[in-house]
Amino acid sequence: MQVTVKSKFARSARLNGLIALALSLASLLAPLPAASARAGGEVAGTVTDPKGAVVVGATVTVTDPVSGQSYTAITDGQGRYKIEGLPAGTYTVTVLAEGFKDARQEAVRVEEGKTASFSVKLELSALAGESVTVTAAGVKGNTDPVYREVRQLGASAGDFSGDYASVSNLVLKRDAATFTLKSGEVYFLRPVEGRITGGVFVGEGELTLTPPTETERQSLAIFADAPTLTEQFTTLVMRFGDRTFDEVRASPAARVAQGGPQAERARGLYRENQSLLRKQLRSNAELRTLTDIYSTAHRPGYFTAFVGGKRFNKLVYEVDPLGLPYVSPEQVALTSHGTTDGGIWTAFYMADEYRAGRANSNFDRRLVDISHHEIDAALKGARLVVTDRMTLKARQSGARVLPFDLYPGLRVTRVQDEQGADLNFIQESKNEDGDFGVIFAQQTQAAKTYKLTVQYEGDGAVRDFGGGNFALVTRSNWYPSGSGTQFGDRATFDITFRYPKGNVFVATGALSGPETEEGDVRVARWSSGKTELAVAGFNYGKFKKKEEADPESGYTVEFFANTSAAPLVRQLQNRDKMVEMITGQSVEQLSEGEVLSTGTGATTGSAGEAIAQTKDSMRIFNAYFGKLPYTRVALTQQPAGNYGQSWPTLVYMPYTAFMDPTERLKLFSNMTSGQASQVAAGSFWSYLAAHELAHQWWGHIIGWTSYHDQWMSEGFAEFSSSLYVQYVRKDVGKFVDFWEEQRKLIVEASPATKGRRPYTVGPITQGYRLNSGKTGGVARRMIYPKGAYVLHMLRMMMWDTRNPNRNPDERFQAMMKDFVQTHYNKDVSTEDFKRIVDKHVTQDNDLDENRRMDWFFNQWVYGTDVPTYRFEYTVSGNSLSGRVTQSGVSDKFKMRVPLYVDFGKGWVRLGSVTLNGNTSFDIPATQLPQAPRRAAIAALNDVLAVQIENVKR
């Protein structure tokens with residue numbers, strides 16, 4: 001929750017000018033962002049050259065230095081840019097333009113609803129850039145001759161002066177899309193290795209697209225206002241590895257000749273497209289083209305079209321048999337890189353995949369499977385120097401170019417094969433399309449094991465926040481990981497870390513032995529043993545460590561808090577010191593007690609409470625989901641104050657979570673007193689540790705196969721927090737409140753969701769695709785709370801008060817443990833989970849009488865319906881009667897709705913009614929042991945609903 005700031009200094013009119021100046025400076029320090037963002041602020045400005053002339057086409061990037069999330073804009077014809085919708089916080093702004101030195105400004109403060117102005121005058125660069133990397137041996141990056149030829153296409157005036165085709169109603173069918181080139185000309189690039197890999201159409205054309213599934217048609221309608229897109233266009237920039245040129249040349253609707261009259265215009269459009277890809281989208285299209293050129297595998301090539309439409313002029317249509325990285329394993333997508341409509345409009349599988357029954361998340365399209373990383377990493381402050389010896393197995397034959405995911409700021413210096421021979425590799429500028437790929441000397445052979453050694457180093461992956469606060473800000477790609485997976489490539493890890501003395505280090509896995517010293521560095525060796533991890537990480541700084549063994553859960557719990565204050569705390573402390581120095585009075589005195597001095601900002605004192613919370617959480621989750629393969633779990637402080645993150649055995653917690661409510665209250669002291677108290681003691685802090693610890697099960701031991709399945713990771717972790725509330729807080733009211741908060745997130749519109757009710761945008765299986773320029777940050781309000789609600793409803797439907805072992809959760813626990821054991825340390829799909837639910841279906845929940853829970857998943861997982869309920873009841877003596885009404889759903893929607901009564905000692909479940917469609921059910925007069933004080937349906941928020949009314953007549 002982002003809280004609007006209201007300064008308390010403004011009303012102190014009695015202050016003299018010197019005091020007012022001090023306080024106005026102090027009030028510029030914005031409060032810490034809390035759990036989630038609202039509409040956001042913006043950064044805007046103008047970019048000029050040394051003489052003051054505007055710079056057009058400069059790339060401006062605003063980056064959150066902790067999370068690594070970045071936002072990009074290109075300066076317009078007046079040198080202006082604007083980046084909107086930024087969550088309040090502190091950002092780093094970089095400006096890049098060809099021929100100029102990079103400009104960088106840290107600590108740019110963005111406030112809710114305000115514009116942070118940042119204009120810059122660039123300096124001329126003496127160098128051409130860094131597109132070629134010199135390696136330690138004689139091999140240079142980006143020097144493969146075929147790659148260089150592809151990369152330089154468009155640079156020469158003759159690149160489009162060869163083949164061109166005059167067309168009349170030429171039809172190009174690319175899976176679900178049809179491009180009709182009504183009239184005009186198609187100009188083709190000169191061939192490389194005998195293959196033509198791109199072309200530009202200029203004229204009049206039409207794109208039609210109908211997605212193959214109802215969900216995708218609904219998604220498209222959000223952007224195009226219809227389930228089918230028909231778009232007129234005047235230009236089409238195409239990149240391809242397929243047979244597009246041959247198809248055009250062979251068509252009777254095309255007349256091929258040489259040297260067309262608009263060749264130079266076509267070249268200009270192609271070069272604009274190169275700039276878009278490299279500087280804004282930061283995608284190395286030439287690397288993808290090289291993959292097809294060097295491949296001997298029997299598969300169709302890729303096809304990408306940038307559509308210069310009359311209504312939508314920033315559309316990109318892609319078909320890639322290898323899968324599109326951002327929606328893998330899906331292969332077809334229509335996206336927009338526009339400001340107001342940016343996002344994934346629709347994505348799906350190729351038609352052949354549906355026919356072959358492979359259109360599901362479990363289909364693995366990776367070229368290789370990494371099985372082991374042997375990493376030697378040196379930390380020099382915030383600089384990383386790494387050698388990674390990877391063991392991998394080819395999953396397909398015929399590939400020579402292998403892409404990897406590596407943070408572009410880490411610059412590769414050398415790549416070698418198992419025999420020590422140097423290999424060519426691709427890695428362009430870190431500020432542009434810095435994708436990393438390795439070119440093998442020979443094509444891969446399926447099932448053959450290979451070894452690669454990659455040496456690299458650089459800044460940016462680790463950041464020094466000062467005061468001994470370091471953070472690994474690029475946590476999933478500080479080492480080369482596999483391409484084509486949504487979350488890591490499960491492998492074993494043996495990592496040697498060298499880090500500066502005077503710090504404390506912690507990582508995933510476990511120490512292989514005692515740490516040693518080598519001069520002024522300490523050496524720590526960490527290993528995952530035989531357990532494959534989806535991702536490996538670390539943390540280090542001026543930590544104070546405390547640990548306790550918990551025999552009941554079987555884990556050793558470690559706690560790491562920094563001995564120095566976090567960055568924001570130090571800023572506020574400096575504010576207090578400045579005010580005191582200038583005025584001779586404290587902040588409390590000057591504001592009449594409404595603004596508190598920051599104090600120590602201590603976090604080390606909460607070790608006992610944090611360890612206790614961890615023990616409680618791990619015991620509960622063991623009981624519900626089964627034991628983990630790990631022997632330890634560590635909670636570590638990070639400089640980010642508004643979110644946590646969980647890696648195997650290692651949980652990154654915001655430093656604010658390690659503070660007690662009194663200390664947090666001081667951080668939020670420039671809010672109103674009511675706001676500050678609410679935020680400082682809010683439920684976000686109470687349940688954050690439980691949520692992140694639950695990711696040890698949901699996200700790591702059980703991963704997800706695609707973005708369609710990530711809802712289980714976040715949703716199940718959020719559900720797990722409710723178990724913590726129930727068993728540790730031991731307050732039914734807090735449990736109900738927890739689910740009420742989740743319900744409101746799902747059904748209520750907000751500025752953050754562009755005024756849309758989240759559940760109406762799409763099903764939870766759309767994952768983070770739900771976010772877009774049209775829908776704002778709706779995904780956070782769906783995959784977390786609705787994903788949690790799916791599991792909560794299943795649990796409440798399986799609740800058995802007649803259980804002979806007096807454990808009403810026994811059936812649910814058995815189902816969840818079966819799920820974990822069946823898919824232990826694997827990535828799973830939604831269908832994998834459904835099969836386990838079907839296996840444990842109860843008679844009461846088998847509404848279709850087919851021993852399957854299709855009805856439930858179709859509605860709550862794959863659907864968007866959320867009902868409204870009204871319960872009108874009458875109590876006459878000991879008799880209860882009433883009517884339950886379900887509305888706002890489709891005719892086939894069905895649900896079991898539980899009925900509760902309260903005799904004065906809390907809710908007692910009487911039973912349930914099953915409702916089909918928009919209907920009512922009359923409950924006949926029922927005799928009870930005594931007169932109830934009240935009655936209700938779904939009293940424990942058992943069923944997700946837009947609204948539930950319980951009315952006593």
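User: Which residues line the second largest cavity?
Analyst: The model is predicted, so local features need pLDDT of at least 70, side-chain atom pairs count only at pLDDT 80 or more, and totals for chains, interfaces and linings use all residues. Residues are numbered from 1 along each chain as its sequence is written, and side-chain values use heavy atoms, with hydrogens and water left out. A cavity is a set of points on a 1 Å grid over the protein atoms alone where a 1.4 Å probe fits but cannot get out, and lining residues have an atom within 4 Å of a point. The lining consists of Met796, Met797, Met895, Arg896, Pro898, Arg909, Asp942 and Val943.

User: Which element gives the largest share of that lining?
Analyst: Helices (H or I, at least four residues) and strands (E, at least two) are DSSP runs, numbered from the N terminus. Helix H17 (785-798) and strand E43 (894-902) each supply at least two residues. The largest share, three residues, comes from E43.

User: What is the volume of the largest cavity?
Analyst: A volume is the space filled by probe spheres set on the points, which are joined across faces, edges and corners. For the largest cavity the value is about 110 Å³.

User: Which strands stand at the edges of the nine-strand open sheet?
Analyst: The order is E13-E9-E10-E11-E12-E14-E15-E16-E17, with antiparallel pairing (two strands pair if DSSP finds at least two bridges between them). An edge strand here has a single partner strand, so one side is left without a neighbour in the sheet. The edge strands are E13 (254-258) and E17.

User: What angle does helix H5 make with E12?
Analyst: H5 (residues 263-281) packs on the sheet, touching E10 (177-188), E11, E12 and E14 (contact: heavy atoms within 4.5 Å). Axes are lines fitted to C-alpha atoms, for helices over the stretch in contact, and angles run from 0 to 180 degrees between N-to-C directions. The angle between H5 and E12 is about 85°.

Note on methods: 1 Å grid on protein atoms, 1.4 Å probe; cavity = no way out; pocket = protein on both sides within 12 Å on 5 of 7 lines; lining within 4 Å.
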